[in-house]
Amino acid sequence: MTSQVSQRRKLVVVGNGMAAGRMLEDLFARAPGAYDVTIFGAEPRVNYDRIMLSPVLSGEKVYEDIVIHGDGWYAENGIDLKRGEKIVAIDRAGRTVTSSAGTVVAYDELVIATGSDPFVIPVPGNALPGVVTFRDLDDVEKMLAAAAKGGDAVVIGGGLLGLEAAAGLAQKGMKVTVVHLMPILMERQLDQNAAYLLKKAIEKRGITIETGANTTAILGDGKVEAIKLEDGRTLPADLVVMAVGIRPNAALAKSAGLAVERGIVVDDHLATSDPAISAVGECVQHRGQCYGLVAPLYEMGKVLAARLAGETGAGYAGSITSTKLKVTGVDLFSAGDFSEGDDTDEVVLRDPSRGVYKRVILRDGRIVGAVLYGDVADGSWYFDLIKKQADVSEMRETLIYGQAFQGGGAALDPVAAVAALSDDAEICGCNGVSKGTIVAAITAKGLTTLDEVRAVTKASASCGQCTAKVEAVLAATLGDAYAAASRKPMCKCTDLTHEEVRERIVAKELKSVPAVMQELGWKTSCGCPSCRPALNYYLIAAWPGEYRDDLQSRFVNERLHANIQKDGTFSVVPRMWGGLTTAAELKAIGEIAEKHQVPLVKMTGGQRVDFLGIPKERLTAIWKDLNDAGMVSGHAYSKGLRTVKTCVGKSWCRFGTQDSMGLGVKLEKLMCGSWTPAKVKLAVSGCPRNCSEATVKDIGVICVDSGYDIHIAGAAGLHVRATDLLGHVDTEEEALEVCAAVLQAYREGAVYLDRLYKWSEKVGLDTIRARIIDDLAERRALYDRFMISQRAVRKDPWAERVAGRELHEFMPLAKLDIIPAPAAE
Amino acid sequence: MTDAKQYWFDLGPLSAIPKRGARTVQVPRRDIAVFRTANDEVFALENRCPHKGGPLSEGIVHGRKVACPLHNWVIDLESGNATGADHGCARSFPIKIENERVFIDMGVAAAP
Ligand code: SRM
Ligand SMILES: Cc1cc2nc3c(=O)[nH]c(=O)nc-3n(C[C@H](O)[C@H](O)[C@H](O)COP(=O)(O)OP(=O)(O)OC[C@H]3O[C@@H](n4cnc5c(N)ncnc54)[C@H](O)[C@@H]3O)c2cc1C
Ligand code: SF4
Ligand code: FES
């Protein structure tokens with residue numbers, strides 16, 4: 001054992017991937033000839049650019065194009081590359097490694113760069129032929145072979161890798177479905193707005209996307225044939241690509257007894273728990289972080305190379321990462337932290353006509369994150385500003401327009417800015433209307449209002465994003481003669497009014513909150529407590545059965561199907577159809593109140609019983625008991641149908657003319673569960689003495705000898721307003737149909753939170769009468785649409801909750817009577 | 001030892017809290033609301049509105065704020081301060097996410 005001072009030290013590298021390659025390049029530049037290098041690579045080839053496997057799959061590149069280090073590089077640097085030889089053991093005491101082929105090599109310094117393993121979800125059938133991962137060239141070759149035969153491909157995972165695989169396979173002619181567990185694509189890198197645009201772009205390529213879909217099994221006899229989803233559906237598949245994530249490949253290090261958590265634990269100088277062994281790349285865990293992108297690996301490589309070269313430099317301090325999706329034609333960039341808050345300030349730019357969404361997030365005058373879709377030219381500029389933590393307060397006004405815009409100066413007065421534009425400058429992108437066209441229309445036709453300009457030129461009539469610009473053109477053209485109409489925007493997140501938003505949701509077939517916010521140019525990224533519940537309602541009303549209710553956009557009462565009280569407890573009001581009850585029901589109510597020690601039982605002003613003071617955690621138990629006794633939610637909490645009060649009517653009363661109780665029950669059963677812009681209350685009185693107070697209800701029916709008088713637009717709350725008589729019908733069927741048609745017209749037309757009387761005052765009683773009393777076809781159509789939307793809601797929300805829907809709502813995350821002692825470190 | 005020692009207690013996976021929503025943690029001295037924003041940040045505040053004690057966990061979460069369900073005060077999730085014209089503060093507690101799990105500092109959360 002004579003070790004000579006002049007003898008070169010032995011460096012052994014396990015893994016011939018991107019991190020190892022870059023680290024060695026750095027090392028050779030810093031300390032040429034310092035080591036004898038041996039590399040073991042499990043793959044039977046030289047080092048290639050793994051990132052570029054996506055273009056190889058799509059056919060835009062071939063393997064030769066993506067080689068990083070050809071045979072020449074290994075020869076020049078005197079590297080002994082052992083291709084296709086996997087290291088199976090490390091002997092730390094003896095400082096040797098052993099390969100799968102039995103080769104034993106001694107080391108002075110060992111570098112582990114084993115990358116990651118793709119994660120395979122543990123479902124039955126995951127080992128069937130035809131199920132592949134997406135990690136190396138062999139995987140790509142398998143996919144290309146499958147694609148040559150055509151057929152169906154299912155990609156599990158809607159992240160970066162999954163979408164690149166999907167796009168590649170679609171380009172190769174397969175019919176592709178992406179199955180993604182989360183509600184939005186690339187949820188780690190994108191906010192919901194960018195994810196919405198991405199989904200649209202991917203779907204345009206003929207790729208089907210199933211979000212919120214959980215794969216439970218892979219089916220097939222001898223080879224893959226289909227996958228099975230949790231909701232019971234099966235999707236045909238000749239090829240299944242698993243792209244659900246990666247795991248640091250740390251098995252070798254672990255079996256050698258090195259410290260391993262999620263990845264191989266390294267310090268700031270990339271040393272493992274054994275000072276003779278370092279690790280670099282995706283296999284490591286540094287300050288609790290594992291990385292899956294190349295930029296951090298390159299930074300690590302530099303630090304490790306410096307140490308191996310004997311330099312003492314600053315250590316590695318972790319990385320901020322940025323992401324780009326490599327699908328041709330889809331421009332997407334995200335970097336840093338894009339959470340928002342009081343101390344953060346965001347600048348959003350949306351250009352619906354070009355499909356552009358840009359969002360830059362600032363904290364204390366510095367950019368902390370950016371999401372760009374459709375126009376990513378400035379991605380690297382923003383990323384650089386993030387990394388440098390540069391103070392950008394000076395350019396805040398113009399920041400969102402990008403680097404080219406800087407040096408421009410202060411924000412202009414919008415009217416002056418528009419006045420300065422040339423006549424052919426485009427004002428409305430959606431409809432291609434220039435400033436000149438608008439000015440000509442204003443002067444030639446004597447237009448004075450925004451609505452007139454919209455009607456004549458179409459400017460701002462689509463997405464509405466340019467409304468402010470059109471108003472500025474009006475102001476610039478008419479001068480003082482133009483007084484902006486008293487338009488009331490929905491909230492500070494948009495310039496559009498409620499009516500305009502509703503119209504556009506239907507006209508542009510917008511079917512989700514992110515879709516509305518993007519296409520209509522919302523100025524915030526996730527809305528506010530005022531617009532979110534409104535949009536949620538408008539979408540429910542426009543797309544019954546199709547739109548999925550967003551519980552987090554609902555006021556607590558509607559989310560929990562109970563009214564919150566001043567002390568944080570809740571009240572529970574079961575339905576008593578038409579104000580009727582039975583001895584059995586009353587007994588059950590008594591027993592349930594006793595069993596749950598309900599603090600107060602009260603008759604409401606709506607002819608039913610209220611349990612008050614129920615703690616949240618008790619709600620489901622009480623509902624279950626009420627359900628078991630045949631009672632359901634009374635929706636006393638909803639912007640929806642509350643009560644239908646009745647008087648006894650013809651069945652008992654000496655003055656009664658019709659079966660008011662029967663009609664009341666029928667109305668309540670017909671309308672129960674519907675969501676409306678504000679609460680809706682009905683009453684049916686058996687005669688004009690009106691004992692059920694029908695003339696102060698949203699819809700009131702007064703029975704008369706000859707039939708039924710239908711009244712609408714009453715209220716007896718903050719404002720007391722007697723109803724208006726809408727019309728008279730002869731039969732009970734007609735009465736039901738007219739009432740439902742009124743309710744549907746109100747649902748479709750009213751501004752969120754307007755009671756029925758406000759809507760009626762806005763559109764005019766005559767208009768409503770013409771639509772519903774005079775026009776039979778229209779009445780019928782409204783009625784039919786009402787019935788369609790009722791199909792989606794005729795379920796008892798209490799029963800759904802008792803059965804387990806979002807049950808977590810009713811349970812604390814943790815409940816600790818005694819705090820357990822901290823576990824020993 | 002009576003000093004406030006850091007003691008990170010595992011509350012379970014982040015996915016147990018709805019996005020733009022909240023869950024509560026009950027400890028002997030108080031209820032704590034744990035919020036999750038649209039961007040997967042978590043915050044912990046005492047579950048009592050500085051106005052009249054409303055349960056903040058039931059409010060609508062938007063951005064890094066929550067609107068109290070009782071009278072609509074808007075509370076900043078990070079500091080617990082009421083925003084706008086209102087004044088008051090809900091106490092906030094140290095909380096963090098690690099490996100997709102949520103941890104609260106019980107040393108502080110359970111202390112008097
Ligand atoms: C329970 C009840 C009082 C009672 O003990 O009788 C009641 C209780 C509340 N009413 Fe009422 N109203 C009750 C009948 C009424 C009536 C009488 C009626 O329906 O015949 C009216 C006048 C009729 C009307 O609506 O036009 C009435 C007009 C209001 C108003 C004013 C509405 C308006 O547009 O002007 C409000 C405030 C609101 O909704 O914004 C309100 C709001 C409330 C709220 C929901 C306040 C709140 O937001 O927390 C109360 C909930 C307490 C709870 O948790 O139960 N309540 N409220 C009645 C429940 C009826 C039911 O069985 O569902
Ligand atoms: C399709 C695809 C697209 C991607 N796109 C991007 C992108 O756009 N941007 C980005 O930043 N990143 C992207 N990545 C991620 C990027 O490729 C990785 O972060 C990077 O390759 C990791 O480098 P590494 O050296 O740590 O691991 P690898 O490159 O995986 O190298 C590890 C090597 O070690 C070998 N090995 C493992 N165990 C042993 C053993 N016991 N003995 C010998 N050899 C072993 C492996 O076979 C492998 O060749 C993409 C990845 C894929 C698969
Ligand atoms: S009138 Fe209605 S809102 Fe007012 S205290 Fe009574 S129940 Fe509450
Ligand atoms: S108790 Fe929160 S706003 Fe009143």
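The questions and answers below look at helices, cores and sheets in this predicted model.

Q: Why are helices α22(A) and α25(A) called roughly perpendicular to each other?
A: Angles from 65 to 115 degrees count as roughly perpendicular. The axes of α22 (residues 732–749) and α25 (residues 776–793) of chain A cross at roughly 75 degrees and come within 8 Å. The two helices are therefore roughly perpendicular.

Q: What makes the contact between these two helices, and which classes of residue take part?
A: Contact means heavy atoms within 4.5 Å. From α22(A) the contributors include A:Glu734, A:Val738, A:Ala741 and A:Leu743, and from α25(A) they include A:Arg779, A:Leu782, A:Tyr783 and A:Phe786. By class, the contact has eight nonpolar, two polar and seven charged residues.

Q: What makes a set of residues a nonpolar core, and how many residues has the largest one?
A: The members must be buried nonpolar residues joined through side-chain atoms within 4.5 Å. The largest such set here has 125 residues, and A:Leu24, A:Leu169, A:Leu198, A:Val501, A:Trp522 and A:Tyr538 have the most contacts inside it. Helix α17 (residues 531–542) of chain A gives the most to this core, with eight residues.
A second, separate core has 42 residues, among them A:Leu641, A:Val684, A:Val729 and A:Leu736.

Q: Which residues does A:Leu169 touch?
A: Leaving aside residues up to four places away in sequence, A:Leu169 touches a list that includes A:Leu57, A:Met143, A:Val155, A:Val176 and A:Val241.

Q: Why is strand β3(B) described as mostly covered?
A: A residue is buried when its relative accessible area is under 20%. Six of the seven residues of β3 (residues 30–36) of chain B are buried, so the strand is mostly covered.

Q: How do you know that β3(B) pairs with β2(B) and with β4(B)?
A: Two strands pair if there are at least two bridges between them. Strands β2 (residues 21–27) and β3 of chain B have seven bridges in the antiparallel sense, and B:Arg23 stands opposite B:Val34. A hairpin of two residues joins β2(B) to β3(B).
On the other pairing, β3(B) and β4 (residues 42–46) of chain B share five antiparallel bridges, with B:Phe35 opposite B:Phe43. Five residues lie between the strands of that hairpin, where B:Asp40 takes a positive phi near 60 degrees.

Q: Why are β11 and β14 of chain A said to stand at the edges?
A: Their sheet is open, has parallel pairing and runs in the order β11-β18-β12-β13-β14. Both β11 (131–133) and β14 (208–210) have a single partner strand, so one side of each is left without a neighbour in the sheet. From one strand to the next, the twist averages 20 degrees.

Q: How do you know that β1(A) and β2(A) are paired, and in which sheet do they lie?
A: Six bridges join β1 (residues 9–14) to β2 (residues 35–41) of chain A, and the strands run parallel; pairing asks for at least two. A:Val13 has A:Ile39 as its bridge partner.
These strands belong to an open sheet of five strands with the order β5-β2-β1-β9-β21. Its edge strands are β5 (80–83) and β21 (277–279) of chain A, each pairing on one side only. Helix α8 (residues 294–308) of chain A packs on this sheet, and its direction makes about 175 degrees with that of β9(A).

How values were computed
Residues are numbered from 1 along each chain as its sequence is written. Chains are lettered from A and ligands numbered from 1 in the order in which they are written. This is a predicted model: local features need pLDDT of at least 70, side-chain atom pairs count only at pLDDT 80 or more; totals for chains, interfaces and linings use all residues. Side-chain values use heavy atoms; hydrogens and water are left out. Axes are lines fitted to C-alpha atoms, for helices over the stretch in contact, and angles run from 0 to 180 degrees between N-to-C directions. Helices (H or I, at least four residues) and strands (E, at least two) are DSSP runs, numbered from the N terminus. Angles under 35 degrees count as roughly parallel, over 145 as roughly antiparallel, 65 to 115 as roughly perpendicular and the rest as oblique. Ala, Val, Leu, Ile, Met, Phe, Trp, Tyr, Cys and Pro count as nonpolar, Asp, Glu, Lys and Arg as charged, and the others, Gly among them, as polar. Buried means under 20% relative accessible area, exposed over 50%, partly exposed in between (1.4 Å probe, protein chains only).
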